[in-house]
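Visitor: Could you take me on a close look at one part of this model, the place where the two chains meet? I would like one connected account that I can follow on the screen.

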2 protein chains.
Amino acid sequence: MLSSQHLSDVPGQIEPLVRDLAIRAKAASVTLGNATAEKKNAVLGRVAEELMGPLRAEILQANVADVRDGAAAGLASAMQDRLTLTAARLDAVVAAVRYVMELPDPVGTMTDAKVLPNGLSVGRMRVPLGLIAIIYEARPNVTVDAAALCVKSGNGVILRGGKESFRTNQVLAKAFERALVAEGFSKDAVLLLPTTDRAATTALIRLSGIVDLAIPRGGESLIRFVSENATVPVIQHYKGVCHVYVDGEADFDMALRIVENSKVHRPGVCNALETLLVDRACAAAFVPKVVAQLEAKGVEIRGDAAIREVAPKVAAATAADWDTEYLSLILSVAMVDGIEGALQHVAKHGSHHTEAIVTSNSAKAERWLREVDASAVMVNASTRFNDGGELGLGAEIGISTSKMHAYGPMGLEELCARKWVVRGDGQVRGG
Amino acid sequence: MLSSQHLSDVPGQIEPLVRDLAIRAKAASVTLGNATAEKKNAVLGRVAEELMGPLRAEILQANVADVRDGAAAGLASAMQDRLTLTAARLDAVVAAVRYVMELPDPVGTMTDAKVLPNGLSVGRMRVPLGLIAIIYEARPNVTVDAAALCVKSGNGVILRGGKESFRTNQVLAKAFERALVAEGFSKDAVLLLPTTDRAATTALIRLSGIVDLAIPRGGESLIRFVSENATVPVIQHYKGVCHVYVDGEADFDMALRIVENSKVHRPGVCNALETLLVDRACAAAFVPKVVAQLEAKGVEIRGDAAIREVAPKVAAATAADWDTEYLSLILSVAMVDGIEGALQHVAKHGSHHTEAIVTSNSAKAERWLREVDASAVMVNASTRFNDGGELGLGAEIGISTSKMHAYGPMGLEELCARKWVVRGDGQVRGG
């Protein structure tokens, strides 16, 4: 295989190389798209076996080398952590593959079946999207998760992982290559780009008519780069600046439980709470309680002027706080004038990810659900439930915050399109 | 209002002008998105009244001027015909608006409702996409059709029609302006670009975060221009090179009826038949029949060498014929080796639009439905049924031949996204 370095030396060779890989992957995707669930599951079963057996030591070794080089290159410790694949984490990756095997195969399933007055039987059949490009950063588990979901949904996939995990990803991709070939498929149905050069990524996301969809997974700058340079469709997932609005008619105990869970359960993920909105009507009673409870959990609170009047020890929030995805144990808190004020704040600062209200007033609840524009709107529940697994999709390849194709978690069904299937007995159009 | 000419003279002013229009339209779309079906129907009812009454003479007059200028500028006669709005055609436009009023409102409807084991009640609620840009050519009826569908689905819309119909479109847009204002909405929810300058179109389709979707409707070069220059999502509808495959096990009478209807019923539209594929097993018996029947209807036939052996008077097809959308009474005919050959031909030359098989063998029928990659796959039915109205969607804003968001006709539901709605009673995530 050509090394990343070698290709970077000869930039003119990158575009044709990527095009050739994609054409091969696209051709392989057709066979995978027509395969039975049994055959696709057999591939995933072999992937799991390879990851547990023959390739296990090689993966862990490659990962140690990646982490060592990352540390030497001054990779931030949070990034080093994301890059690291311990034996336990590898077990979790394998468990995820086995979980995807258990999920129902979406391909070929029908929706909207009906018989029209002219006797035509019509419906919509789920079919794979075709060839998907996944562009991601350090986390090597994405390599396996994404590839497993694509195989199960009958899609070909080209993986472009971060340069930090290049060695690890090469071995992980080998598991798919071996499994595909052992089950009689072309190895090209799951391909890792042999270079992490940006020119290769750019070439990949400009292959209109060959690549059907690009899914960037990672930080805002990566997503922006893909969105601005792609000519193929992109499913965007920008940051999650998620809010909980505690209404004056909320059950305080419930509100405290939901706010704490939304913020503290796993602060580094996109569905975690970033800004708490408190109704002026209950602020004097509620804010001191929630501040005390969250501070006891190690959360740093930043409040607006009105919040600091009822909780004077709280630090002052700046204008930038309201648009910030902390991804850590920091929470900004604003006082709002009832649901109207909360809706306005969310419309201005929300990121169309997850927005929750806590209230016992059902009219306010319904208004929130209807008017808030976000991939998931919630009443009296933790923001942490905006997740493919939690919402019953089984697994997700990402959470879309734009409205095209999918809005919210993308599971196996969202990795499919629906074509119209028409069965007649000789019908023609009159008129 | 600034004239098209004026703006073209000052290109630097176009981008800020278009951005300002779009920001206003986006703001107006929020109110429309939250409106009841009754209010939206009231707007459409007033549009119909304006088109039948106060504005009728002004529209027809403007159209006469547009057609006159088009003729003077040497517009092709087919194009002049598309541009022309007779009184009868205007009546049909009004009837279409009244038809859209009758359709169910998709906004707020729920799908996938379920109660999860933890007691959370979840489901998906249809919401408008937001602000849609429609970029089209000469036909002024698109102005009203597209705007009516957007209003009904709660979306704001910016219309960019062809320069040939600019005067007509200005008056048609006035009907929406008056109707929106009379019902208490902002007139900005339906805006016609005040210039047909290409720079304005380019600016429009690059307004990421403001324009949610661009739908180009028209010839291949327009669609390509939008696809290659947009940074906002685009729903593409490239050409329809549609096939009918007549299998050796077909009922010949049915096959003749379907082929004739697919080709002759309305040859200028995208779901019309362009290439007939005939199974070698029945070619000697079927080809002379179908050639005679179609020639009697004025169809020019172009065959491959094998077809010309069984129908010697047929003209020879060239390589370009297999990829050509004639949109007229021309049909190319190829002989194939059974369903395998037909599948290969369609995979190579099809445009993912509409593909039909005529066969009485159900195993072949099911294989066709499963394996052919097209927005509509059909057994024993005319290709002309791939149409929003015929498939029960009510009306369509276009037919997508790419798989993202919609594959096939786009009706009111496809002009919506689905957000997740979660109702709890205090649930938090454990683990």
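Guide: Gladly! In chain B, 55 residues are in contact with 56 residues of chain A, where contact means that two C-beta atoms, placed from the backbone, lie within 7 Å. Keep in mind that this is a predicted model, in which local features need pLDDT of at least 70 and side-chain atom pairs count only at pLDDT 80 or more, while totals for chains, interfaces and linings use all residues. Residues are numbered from 1 along each chain as its sequence is written, and chains are lettered from A and ligands numbered from 1 in the order in which they are written.

On the side of chain B that touches chain A, at least two residues each come from strand E2 (121-128), helix H11 (252-264), helix H15 (362-371), strand E13 (376-381) and strand E16 (416-427) of chain B. These helices (H or I, at least four residues) and strands (E, at least two) are DSSP runs, numbered from the N terminus. E16(B) gives the largest share of that side, eleven residues. By type, the side of chain B that touches chain A holds 25 nonpolar, 16 polar and 14 charged residues; here Ala, Val, Leu, Ile, Met, Phe, Trp, Tyr, Cys and Pro count as nonpolar, Asp, Glu, Lys and Arg as charged, and the others, Gly among them, as polar.

Now follow E16(B) across to chain A. Strand E13 (residues 376-381) of chain A runs parallel to E16(B), joined to it by five bridges, and A:Met378 has B:Val422 as its bridge partner there. Two strands pair if DSSP finds at least two bridges between them.

Next, look at a sheet with strands from both chains. Its ten strands form an open sheet with mixed pairing, in the order E1(A)-E2(A)-E16(A)-E13(B)-E12(B)-E7(B)-E8(B)-E11(B)-E9(B)-E10(B). Strand E1 (110-115) of chain A and strand E10 (315-316) of chain B are the edge strands, each pairing on one side only. Within the sheet, strand E7 (residues 242-246) and strand E8 (residues 273-279) of chain B are parallel and share five bridges, with B:Val244 opposite B:Leu276.

Two helices of chain B pack on this sheet. Helix H12 (residues 280-296) of chain B touches E7, E8, strand E9 (300-303) and strand E11 (330-336) of chain B, and its direction makes about 145° with that of E8(B). H15(B) touches strand E16 (416-427) of chain A as well as strand E12 (354-358) and E13 of chain B, and its direction makes about 160° with that of E13(B). For these angles, axes are lines fitted to C-alpha atoms, for helices over the stretch in contact, and the values run from 0 to 180 degrees between N-to-C directions.

Not counting residues up to four places away in sequence, A:Asp425 touches A:Gly119 and B:Asn380. A:Gly119 is 306 residues from A:Asp425 in sequence, and their C-alpha atoms are 8.1 Å apart in space.
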